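Subject: Structure for your review

Dear colleague,

Please find below the structure that I am handing over to you.

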Amino acid sequence: MIESACNHIPDEGENRIMIQINPREIAAQAMMEIMEEGAYNNMALRRLLRQNGAMPPKDRAMVTEIVNGTLRNLYYIDHVINQFSKTKTEKMKPWILAVMRTAVYQMYFMKVPDSAACNEGVKLVEERGLEPLKGFVNGVLRTVGREKENIALPKKGTPEFLHIQYSHPLWVIKMWTAYFGYEETENLCRANNCPPDVTIRVNTLKTKKESLRKELEKLGTTVTDGRLVSSALHLKKTADIGRLKSFSEGLFHVQDESSQLAIEIMAPKKGEKVLDLCAAPGGKSFTIGERMENEGRLVCGDIYEHKIELITQGAQRLGITMIEPIQQDATEFNENYADAFDRVLVDAPCSGLGLMGKKPDIRLKKNGDEIDQLVPIQRQILENGARYVKQGGTLIYSTCTLCKKENEKNVEWFLSSHPEFITEDITEFLPKTLWQETAEKGYITLLPHKSNTDGFFIAKMKRKG
Ligand SMILES: C[S@@+](CC[C@H](N)C(=O)[O-])C[C@H]1O[C@@H](n2cnc3c(N)ncnc32)[C@H](O)[C@@H]1O
């Protein structure tokens, strides 16, 4: 038999060539793809970690920490580099910039000795054939290491200070200080810079919270209860979630408590007819299906065909058979749905500014222009969604953004043009710590530093009977 390279299993003790994968190189590569090629942070990371699957867990964790941390602190890091480098960051070669940024992150935010971060950075420059720039990188990084305590920052109390100190886009800081005030904005930005827990929703169709908790704890994961919703668990020190047996068995799905709360407020019931108009990748649909005990009708639409597959796969894993995934553009009216649903969810496409803690690359990829394009789409989807609600039925509007134009203003606009809808007091669904005056008026804005969730907006409206 001819033995192929694929089925040859080496004997014990047979010499094997071990290829060392350098986690710092993988991190810099991810940064280059995210910043230069516009790759999504989580996708670039996932792909590079998969391609370098031989890396031990400790190194995988290091790559993730360097990439997420560098993105989370990018404006600050660039501010530091630009203070000590004659060539400014926008003029640097992409690889040099990726190496410098990740090295400064290690020096300033991880407990990596300056000399190690600097030497490793210089090695990465050499290995990519950029030898002539070794001296430059070495010089800037050593100065950056020496001058840690002497970083000049914009004046405290200005938007520019928050922009650099907490690495959030200046336009967002200006918008938030106008909405929430300076102090609240500072607290919000600070909370966005703390690496978030992984939050999951227990699949109540398949298991109980306590038995899942025990299973996860056995693997060394630290598990704590949700703060807003009883079916939520927070996980720390968890391995790659997707590889857990409990995940493949469909005992939970990953979902922030803000999204779980939106469905608590929606309060779907067993046997009802429910429509989720912007459903992919399916998180809220899954929670709805579980709450409905898999009985009734649950139509889940999204405009993108490839995303429909995510809903189908997730529902299969979780054992939610009632879900009817469908590709459709929610801005177009569907006559078949008119007055047909007890509850309709419009979890609208939005600017995502509430996700800056979890997805730090959002800070770097938006400039605010998209907001004016999103508002008419959100309104059109709301307009159609309203027509699908039965008399006496419920309409939920939610977004994962902190932007009045997309949130409160849209609800105000909707109510002013739809006298057949009224808002519903949602206080009963909120823990006391989250009570806000607006809850009585039917809506709530979740701020990460107050609710320990993503930034999120939920409004509940009822069609008069
Ligand atoms: C905020 S995400 C929804 C998240 C989802 N509800 C969940 O909990 O997993 C918004 C979704 O709206 C979809 N979308 C954007 N424009 C749409 C449209 N015109 N019609 C339907 N879906 C749309 C996007 O593809 C995206 O998946």
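This is a predicted model: local features need pLDDT of at least 70, side-chain atom pairs count only at pLDDT 80 or more; totals for chains, interfaces and linings use all residues.

Residues are numbered from 1 along each chain as its sequence is written. Helices (H or I, at least four residues) and strands (E, at least two) are DSSP runs, numbered from the N terminus.

Ligand shell

The ligand is surrounded by 19 residues, and the closest are Cys278, Gly283, Lys284, Ala330 and Pro349. By class, the shell holds 9 nonpolar, 5 polar and 5 charged residues. In this classification Ala, Val, Leu, Ile, Met, Phe, Trp, Tyr, Cys and Pro are nonpolar, Asp, Glu, Lys and Arg are charged, and the others, Gly among them, are polar.

The loop between strand 5 (273–276) and helix 14 contains proline 281. Alanine 280 is joined to proline 281 by a cis peptide bond, with omega of about 5 degrees.

Helix pairs

The axes of helix 1 (residues 23–36) and helix 5 (residues 94–109) come within 9 Å and cross at roughly 120 degrees. Axes are lines fitted to C-alpha atoms, for helices over the stretch in contact, and angles run from 0 to 180 degrees between N-to-C directions. Helix 1 and helix 5 are therefore oblique to each other; angles under 35 degrees count as roughly parallel, over 145 as roughly antiparallel, 65 to 115 as roughly perpendicular and the rest as oblique. On the helix 1 side, Arg24, Ala27, Ala28, Met31, Met32 and Glu36 meet Pro94, Trp95, Ala98, Val99, Arg101 and Thr102 of helix 5. The residues of this contact comprise 8 nonpolar, 1 polar and 3 charged. Contact requires that the C-beta atoms of two residues, placed from the backbone, lie within 7 Å.

Helix 9 (170–180) and helix 10 (residues 182–192) pack at an angle of about 125 degrees, with their axes 7 Å apart. That makes helix 9 oblique to helix 10. Ile173, Trp176, Thr177 and Phe180 in helix 9 meet Tyr182, Glu184, Thr185 and Leu188 in helix 10. This contact has 5 nonpolar, 2 polar and 1 charged residues.

In helix 10, the buried residues are Thr185, Glu186, Leu188, Cys189, Ala191 and Asn192. They pack against helix 8, helix 9 and helix 20 (448–451). A residue is buried if 20 or more other C-beta atoms lie within 10 Å of its own, exposed if 12 or fewer, and partly exposed in between, with C-beta atoms placed from the backbone.

Individual residues

Serine 167, in the loop between helix 8 (159–165) and helix 9, has a positive phi near 50 degrees although the residue is not glycine. Serine 167 is buried, with 24 other C-beta atoms within 10 Å.

Alanine 267, in the loop between helix 13 (257–266) and strand 5, also has a positive phi, near 55 degrees. Alanine 267 is partly exposed, with 16 other C-beta atoms within 10 Å.

Serine 248 lies in helix 12 (residues 245–248) and is exposed, with 10 other C-beta atoms within 10 Å.

Yours sincerely

Note on methods: A residue is near a molecule or strand if its C-beta atom, placed from the backbone, lies within 6 Å of it.
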